[in-house]
Amino acid sequence: MSATPPAGRGAAPATVVIDDDGTVIAWTRAAEGLLGYRASEVVGRSGAVLLTPGDHRERLSAWTREYGHLDRWSGLAEARHSAGHPVMLHLQGHRLTTPVGRPTWVVSARPASMGAPGGSVVEPLIQRSPVAMWIWDRELRCVWRNVRAWALQEFLLTSPDDVPGRDDAPALGNEEVRRVLRRVLDDGAPVVDNEVHWPSSDGLGQRTLSISIFRLEGVDGGPVGVCSLAIDVTQSLARERLAMLVEASARIGTSLDVRQTAQELADYAVPALADYAAVDLVEPMLPDQTPVERPGGMEVGVPVFRRAGAASISPGLPESPWARGEAVFVPPDSPWTRVLSTGRAHFEPEMDTSPGTWLDHDPARARTVRLLGMHSLMIVPLRARGETLGVTAFVRSRNPAPFTRDDLLLAEELAARAALSLDSAHRYTRERTAALALQRNLLPRRLCDGGALDVAYRYLPSGAHGGVGGDWYDTIPLSGGRIALVVGDVTGHGINAAATMGRIRTAVRTLAYMDMPPGELLTQLDNLISRLHEQDVGADGAPLPTLGSTCLYAVYDPATRRCTMATAGHPPPAVVGPDGRVAFLAGPTGPPVGLNLEATHDSFDVELPPGTLLALYTDGLIERRQDDLDTGMARLRAALADYADLPLERLCTGVIDVMVGGRAAEDDVALLVARTR
């Protein structure tokens with residue numbers, strides 16, 4: 001809906017003369033027409049009769065303090081009409097001095113709707129301002145608006161029955177605006193850049209205004225209304241681009257997976273920017289793919305990509321001759337090659353499909369371009385930390401508008417953000433692959449039982465740390481038919497934790513072959529690992545972080561059926577007797593090894609009759625973020641009791657299922673079980 005603002009009124013202002021006591025001593029006919037009082041009703045009486053209800057004396061005193069010493073002043077005031085309703089006025093006061101030296105004020109008044117609050121000089125500027133301006137009285141009725149505000153007429157209206165141009169239209173067109181206006185009027189705190197949305201009058205979309213609101217205070221210091229300023233930002237390109245980039249930051253790079261990140265970039269670009277988007281990465285970005293075999297006769301220097309992501313407004317991706325994961329070959333003179341070699345984007349708002357272009361050497365793309373009517377193209381490099389990781393192509397076919405330079409800037413910003421996520425994912429994948437390979441080589445592939453025990457194990461990597469941690473398990477055959485059982489847990493995750501785990505496992509095996517008692521072995525292990533940590537420095541010469549480790553070392557002698565063990569900060573082992581009763585062995589516990597605490601570790605013995613089950617485990621089996629340790633121990637006790645009679649392989653599976661279930665493990669889990677014969 002639109003409306004035309006009313007023509008300006010040329011009526012003379014209402015004029016009142018007030019002496020220094022606040023008594024009205026003169027009253028014009030214009031004043032009578034404005035406020036409804038006859039001269040006989042106000043002349044000789046206090047001007048308080050003209051004020052709205054309240055503390056009249058205090059309000060007059062406030063006006064005297066603020067303006068009484070000035071020769072000229074202007075401001076807003078709320079007066080009371082003789083009919084009882086309030087009227088917002090724009091006042092201008094001039095000081096006169098009578099022959100006897102008493103000050104007198106001549107006050108001219110106009111309704112606020114007849115002119116800008118700033119006066120006639122400012123009014124033309126305000127009326128032509130691109131910022132819409134409204135003034136509302138204390139009843140939230142619109143008493144004035146500039147020309148731009150009239151262009152946003154639907155902001156005021158509530159129904160088709162509302163009359164455009166009515167100066168007392170209530171602010172009911174948008175309930176959110178009304179609520180904010182009332183709050184500013186009540187507490188005086190201004191609102192700046194409050195974004196408001198509502199359906200446009202044509203019903204085809206939504207309007208967006210950036211609104212700022214501040215309270216208007218009268219000459220007596222009290223609130224008389226509010227002023228709202230608004231800018232229509234519905235078509236604000238900068239705001240739209242910023243919103244797109246904010247959304248892209250949330251939707252691209254949600255994981256540390258290269259393929260998923262590439263697909264997220266393509267998915268976001270369609271249809272927000274393009275009708276079709278494809279993300280092609282250089283081969284090293286996908287190291288787990290089978291190396292590309294070049295067709296016979298193809299030059300070695302011809303670039304080869306992998307299609308990592310693609311999206312289209314059309315089902316089935318008709319624009320892409322290559323599926324995700326397939327090798328993509330490009331001719332040496334194609335835009336893809338130039339973008340890869342120069343690191344600069346290719347911008348072709350109107351594609352040239354005539355003979356003699358690069359399409360002549362790329363028949364697969366040429367057929368697709370002509371068949372689907374592709375007419376506008378951007379190819380943007382994916383660059384991060386000085387390296388080009390691949391390219392992204394954006395194409396329009398169904399959308400008739402060609403790409404603009406603004407579109408290119410947006411595409412480059414999207415590609416830059418995606419490239420950082422791709423690079424982080426690639427680095428993570430590379431380190432994780434190396435750490436997993438290291439961990440697999442450091443953990444035992446099969447366990448020796450020494451003929452004295454039946455043994456089984458389970459290792460469950462953490463779901464939160466890429467499957468690389470410092471938990472380990474081992475069995476070591478000793479002299480006299482004895483066998484050592486070991487479980488340990490290095491703090492932290494990643495390649496450093498895996499490397500430290502391998503170092504400690506090797507040290508335990510070396511000390512075990514020296515036939516030390518368990519307590520002495522852990523004490524020597526602590527000294528050895530602490531000294532090795534002191535020698536560890538990074539490339540800059542600074543000491544590397546110290547990684548401590550918990551450990552439980554037990555030696556079982558089948559001749560005596562006694563098991564001697566010692567712990568270094570590790571959870572207690574569980575024993576299930578032949579009668580099915582489950583107990584946790586509470587022996588002396590020393591501190592973790594490798595922390596250079598110079599502590600000793602004591603051994604303790606337990607007898608294990610035939611058919612006894614011994615369970616060693618790491619804390620990932622019993623710890624959950626939402627449960628305390630006692631709860632985890634109770635769950636493990638129940639699980640061991642339920643599965644104690646099963647074969648050890650099935651026992652391990654059952655216990656892991658109960659303790660971890662179908663969720664991803666919060667920490668690495670190692671479980672080593674042995675049953676005496």
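## Helix 11 against helix 12

Glu431, Ala434, Ala435, Leu438, Gln439 and Leu442 of helix 11 touch Ile495, Ala498, Ala499, Met501, Gly502 and Arg505 of helix 12. Contact here means heavy atoms within 4.5 Å. Helices (H or I, at least four residues) and strands (E, at least two) are DSSP runs, numbered from the N terminus. Sorted by class, the residues of this contact are eight nonpolar, two polar and two charged. Ala, Val, Leu, Ile, Met, Phe, Trp, Tyr, Cys and Pro count as nonpolar; Asp, Glu, Lys and Arg count as charged; the others, Gly among them, count as polar.

This is a predicted model: local features need pLDDT of at least 70, side-chain atom pairs count only at pLDDT 80 or more, and totals for chains, interfaces and linings use all residues. Residues are numbered from 1 along each chain as its sequence is written, and side-chain values use heavy atoms, with hydrogens and water left out.

How do the two axes lie? Helix 11 covers residues 405-442 and helix 12 covers residues 495-512. Their axes come within 9 Å and cross at roughly 15°. Axes are lines fitted to C-alpha atoms, for helices over the stretch in contact, and angles run from 0 to 180 degrees between N-to-C directions. Helix 11 and helix 12 are therefore roughly parallel. The cut-offs are under 35 degrees for roughly parallel, over 145 for roughly antiparallel, 65 to 115 for roughly perpendicular, and oblique for the rest. The crossing of helix 11 and helix 12 is left-handed. That means the near helix is turned anticlockwise from the far one by less than a right angle; clockwise is right-handed.

## Helix 8 against helix 11

Helix 11 also packs with helix 8 (residues 258-272). Here the axes come within 8 Å and cross at roughly 165°. That makes helix 8 roughly antiparallel to helix 11. The crossing is right-handed.

Helix 8 brings Val258, Thr261, Ala262, Leu265 and Tyr268 to the contact. Helix 11 brings Leu414, Ala418, Ser421, Leu422, Ala425, His426 and Thr429. The contact of helix 8 with helix 11 has eight nonpolar, four polar and no charged residues. Helix 8 also holds Pro271. The peptide bond from Val270 to Pro271 is cis, with omega near 0°.

## Helix 14 against helix 15

Helix 14 (residues 629-643) and helix 15 (residues 648-660) have axes 9 Å apart, at an angle of about 145°. Their crossing is right-handed. Helix 14 contributes Gly632, Arg635, Leu636, Ala639, Leu640 and Tyr643, and helix 15 contributes Leu651, Gly654, Val655, Val658 and Met659. By class, there are eight nonpolar, two polar and one charged residues.

## The largest pocket

Rolling a probe the size of a water molecule over the atoms shows where empty space is left. The search uses a 1 Å grid over the protein atoms alone. A cavity is a set of points where a 1.4 Å probe fits but cannot get out; a pocket is an open set with protein on both sides within 12 Å along at least five of seven lines. Lining residues have an atom within 4 Å of a point. Grid points are joined across faces, edges and corners, and a volume is the space filled by probe spheres set on the points.

The largest pocket holds about 710 Å³ of space. Among its 37 lining residues, Gly47, Leu51, Leu60, Leu91 and Val219 are closest to the centre. The elements that supply at least two lining residues include helix 1 (29-35), helix 3 (56-67) and strand 10 (223-232). The lining has 23 nonpolar, seven polar and seven charged residues.

## The cavity

How many cavities of 30 Å³ or more does the structure hold? There is one. The largest cavity has a volume of about 160 Å³. Its lining has 16 residues, with Tyr276, Glu319, Trp336, Arg365 and Met374 nearest the centre. Strand 11 (276-282), helix 10 (363-372) and strand 16 (387-396) each give two or more residues to this lining. The classes are 11 nonpolar, one polar and four charged.

## Two loop residues

Arg385 has a positive phi, near 50°, and is not a glycine. Arg385 sits in the loop between strand 15 (376-384) and strand 16. Glu598 also has a positive phi, of about 55°, and is not a glycine. Its loop lies between strand 24 (589-590) and strand 25 (604-607).
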